[in-house]
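Thanks for coming, everyone. Let me put the structure up, and then we'll walk through it together.

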Amino acid sequence: MEQWKAKVAIVTGASAGIGEAIVVKLVKYGVHVVALARREDKLKELAERLNGKGNDYGKVYIKVCDVTDEQAVKNVFFWVDSTLGGVSILINNAGTVIVSSLLNGKLGDWQDMMNLNVMALNVCSREAYQSMTRNKIDGHIIQVSSTAGRSIIPYFSMKMYNATKHAVRVLCEGLRHELQLVGSKIKVSSISPGAVSTDLLINMFELIKEPNSTVQLNNINALETEDVANTVISILATPPSVLIAEITIVANGSTIQPHAQPSPAVVENLLKS
């Protein structure tokens, strides 16, 4: 990680969960982090907790930013270019899952998932490429995806989320291809975690679990957010000649393809929700 010490990383969805864990880990390795999220109070708490720890640590800069707003994203990258000299690392972590059936789901829910999980990721990647190129930085773009991009989730009302993560996988390889064609040395990697213990997982679990089920979230095999953050560090620690293009991580005892069949009661409840 010595190659990234005192360099600048942008992390989206940085106020909680996986994004927060990644910020914490990068700062410990001396990387300066521009943390993006919509919740200013959470960002301020994060910066207060991490800043001022000494010269061996990176500094956290916070920017309130809705990454589905293209102009807001452009403004952040302009600030990073003009104030910090450009970005070396982009971690596209912001994402959402909305339980919404293909049979009676709302267009707005589908668009929200596509806008954040796919379009915003692509806009941030584009702006990172342009910043790195302007500043002659051979940087690294890391997309935090999901095993949902490598499988079909058997739970009801999850297929649009599936589609967004499959799109991320295609866009990762597509970005690598276009960078290759223009002779760029910028790296593009993707991480596909299985279930991760976050508020997002808790909310989803409550919607899809069987009625009267006694199973609790802590009984489910799930990664911790730090596991994903450690994987980010492993990817970044590779020498310039090596690229970890894709990596899939799951909790021990889990599978990439979930194996489950929802009961008629769950399907009925979700259709009514």
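Are α1 and α2 roughly parallel or roughly perpendicular to each other? Hold that thought for a moment.

Ground rules come before the answer. This is a predicted model, where local features need pLDDT of at least 70 and side-chain atom pairs count only at pLDDT 80 or more, while totals for chains, interfaces and linings use all residues. Residues are numbered from 1 along each chain as its sequence is written, and side-chain values use heavy atoms, with hydrogens and water left out.

Helices (H or I, at least four residues) and strands (E, at least two) are DSSP runs, numbered from the N terminus. Axes are lines fitted to C-alpha atoms, for helices over the stretch in contact, and angles run from 0 to 180 degrees between N-to-C directions.

Back to the question. The axes of α1 and α2 cross at roughly 25° and come within 11 Å. The two helices are therefore roughly parallel to each other. That label covers angles under 35 degrees; over 145 is roughly antiparallel, 65 to 115 roughly perpendicular, and the rest oblique. The crossing of α1 past α2 is right-handed, meaning the near helix is turned clockwise from the far one by less than a right angle. Who meets whom? From α1 come Glu20, Val23, Val24 and Val27, and they meet Leu46, Arg49 and Leu50 in α2.

Now take α1 with α7. Their axes come within 8 Å and cross at roughly 50°. This pair is therefore oblique. Again, α1 makes a right-handed crossing, here past α7. Among the α1 residues that meet α7 are Gly17, Ile22 and Leu26; on the α7 side, the partners include Thr225, Val232 and Leu236.

On to the sheet. It is open, with 7 strands in the order β3-β2-β1-β4-β5-β6-β7 and parallel pairing. Two strands pair if DSSP finds at least two bridges between them. Which strands stand at the edges? They are β3 (60–64) and β7 (246–249); each has a single partner strand, so one side of each is left without a neighbour in the sheet. On average, neighbouring strands are turned by 15° against each other, direction ignored.

Helices pack here as well. Helix α4, residues 107–134, touches β4 and β5, and its direction makes about 180° with that of β4. Touching, or contact, means heavy atoms within 4.5 Å. Helix α7 lies across β4, β5, β6 and β7, and runs at about 155° to β6.

Let's zoom in on β1 and β2. They run parallel, joined by 4 bridges. Val8 stands opposite His32, Ala9 opposite Val33, and Ile10 has Val34 as its bridge partner. Val8 and Ile10 point one way from β1, Ala9 and Val11 the other way, and all are buried. Buried means under 20% relative accessible area, exposed over 50%, and partly exposed in between, using a 1.4 Å probe and protein chains only. In β2, 5 of the 6 residues are buried, so this strand is largely enclosed by the rest of the structure.

What about the nonpolar cores? Each is a set of buried Ala, Val, Leu, Ile, Met, Phe, Trp, Tyr and Cys residues joined through side-chain atoms within 4.5 Å. The largest has 36 residues, and Val11, Ile22 and Leu236 are among those with the most contacts inside it. Elements giving two or more residues to this core include β1, α2 and α7. The largest share, 7 residues, comes from α1. Apart from this core lies another, of 26 residues, including Ile10 and Val76. As background, nonpolar side chains tend to be buried together in soluble globular proteins.

Ser145 sits in the loop between β5 and α5. Ser145 is buried, with a relative accessible area of 10%. Its contacts beyond four places in sequence are Lys165, Val168, Ile191, Ser192 and Pro193. Asn55 is in the loop between α2 and β3. Asn55 is exposed, at 80% relative accessible area. From Asn55 to Glu224 is 28 Å, C-alpha to C-alpha, and the two are 169 residues apart in sequence.
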